[in-house]
Amino acid sequence: MTHALIVIDVQNDFCPGGALAVAGGDEIVPGINALMADFSAVILTQDWHPAGHSSFASSHDGKAPFETTEMPYGTQVLWPDHCVQGSEGAGFHAELETTRADAIIRKGYNPAIDSYSAFFENDHETPTGLHGMLQERGIDRLTMVGLATDFCVNFSAVDAAKLGYDVTVDQALCRAIDLEGSLAASLEGMAQAGVTLA
């Protein structure tokens, strides 16, 4: 009971046709479903933004998607409006086996701060509650899959390693946005943090 599968943000808006589509984002769903049976716990994360979230480019006059701005917690990439609470885009991909999940961790619902990591908001201080849940269940090994490799998977894996978990990222079951070399940088950062890249 010590090994959990963390399925990150396999949502409609991150799949082809979505507001922030990751190329091939839907291709990983069958493999993730097949993998679920190998784990004692399965936890899904879900981007869950209120309308007008501060990470949306539309909330900043004169800014376009994928530009950056400075927030109190640091530099923030500005995104197209995506994963708005209750919208179809925020829903999980229709073929993802959500019934197998022990829990769903929603993140990014604070309008003033974005949240890439499954463990902390982007201030690196405000917890999502996932760490406490895993500790209570005695889980110390994590395998991460999902979207996108270079943002939410990356931040989640690095935070998990810092918290002392044995972390593996299954690259075959992830897809990346790859903004200006962000994939290579994220892989290097995860490796330096002690994450196993499988």
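Among the contacts of the protein with a separation of 6 or more, 72% join residues 24 or more positions apart. The model is a predicted one, and its chain forms 4 helices and 8 strands, which follow one another from the N terminus in the order β-α-β-β-β-β-α-β-α-β-α-β. The radius of gyration is close to the value that the globule rule gives for 198 residues, so the protein is as compact as a globular protein of that length.

Some values for the whole protein are listed here.

| Property | Value |
|---|---|
| Radius of gyration | 16 Å |
| Box of the C-alpha atoms along the principal axes | roughly 50 × 35 × 30 Å |
| Distance between the mean positions of the 8 positive and 27 negative charges | 6 Å |

Buried residues account for 51% of the 198 residues, while the protein exposes about 8500 Å², of which carbon and sulfur atoms supply 50%.

In soluble globular proteins, nonpolar side chains tend to be buried together. Here the largest nonpolar core holds 55 residues, and those with the most contacts inside it are Val7, Ile32, Leu96, Phe119, Leu134, Leu142 and Met144. Elements that give two or more residues to this core include strand E1 (3-8), helix H1 (29-35), strand E6 (141-147) and strand E7 (166-175), whereas the largest share, 7 residues, comes from H3. When residues up to four places away in sequence are left aside, Ile32 touches Leu5, Val7, Val10, Leu96, Val145, Gly146 and Leu173.

Methods: Residues numbered from 1 in each chain as written. Predicted model: local features only at pLDDT ≥ 70, side-chain atom pairs only at ≥ 80, totals over all residues. Heavy atoms only, no water. Rg over C-alpha atoms; globule rule 2.2 N^0.38 Å. Buried < 20%, exposed > 50% of the residue type's maximum accessible area, 1.4 Å probe, protein only. Contact = heavy atoms within 4.5 Å. Areas by Shrake-Rupley, 256 points an atom, 1.4 Å probe, with all protein chains shown as cover. Lys, Arg positive; Asp, Glu negative; His and termini not counted. Charge placed at Lys NZ, Arg CZ, Asp CG, Glu CD. Core = buried A, V, L, I, M, F, W, Y, C linked by side-chain atoms within 4.5 Å.
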